[in-house]
Amino acid sequence: MQEKEDKLLIGDVMFPIRCFSCGAVIAQYWEEYFKKIKDGKSPKEALDELGIKRYCCRRMFLTYKSIIRELARYRIFKGP
Ligand SMILES: [Zn+2]
């Protein structure tokens, strides 16, 4: 089992520490969120499981969906 290899910082992409709207700290959820997405879960499922209920905060994650998809492609489908 390999873990803790993926960091929150991928390349030059900086993910927001706080929700822009309500100021809730969301940085600690990114890692778990990525993990769930990479496990094939939908963003909605992942956010539900993380207990992120506020719409403004969910939006923070959903906005990065396209980036995460890029990320997943690099990480999972990295060729030999
Ligand atoms: Zn919020």
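Author: Two residues are in contact if their C-beta atoms, placed from the backbone, lie within 7 Å. The structure is a predicted model.

Reader: Of the contacts with a separation of 6 or more, what share comes from residues 24 or more positions apart?

Author: Take the protein chain's contacts with a separation of 6 or more.

Reader: Where is confidence highest, and where is it lowest?

Author: The protein chain averages a pLDDT of 76. At least 70 is reached by 61% of the residues. Helix α2 (residues 43-50) is highest, with a mean of 94. The lowest, at a mean of 60, is helix α4 (residues 65-76).

Reader: Over residues 1-12, how many contacts beyond four places in sequence does the model have?

Author: This stretch keeps a pLDDT under 50. Counting contacts beyond four places in sequence, the model has 7.

Reader: What percentage of the protein chain is buried?

Author: A residue is buried if 20 or more other C-beta atoms lie within 10 Å of its own. The chain has 80 residues. The buried share is 16%.

Reader: Which residues of helix α3 are buried, and why are they on the same side?

Author: In helix α3 (residues 55-62), the buried residues are Cys57, Met60 and Phe61. They share a side of α3 because their arc around the axis is only 95°.

Reader: What covers the buried residues of α3?

Author: The cover is drawn from elsewhere in the fold. It includes α1 (27-38) and α2.

How values were computed: Residues numbered from 1 in each chain as written. Predicted model: local features only at pLDDT ≥ 70, side-chain atom pairs only at ≥ 80, totals over all residues. pLDDT = per-residue confidence, 0-100. Helix = DSSP H or I, 4+ residues; strand = E, 2+ residues; numbered from the N terminus. Buried ≥ 20, exposed ≤ 12 C-beta atoms within 10 Å, placed from the backbone. Arc of directions from axis to C-beta.
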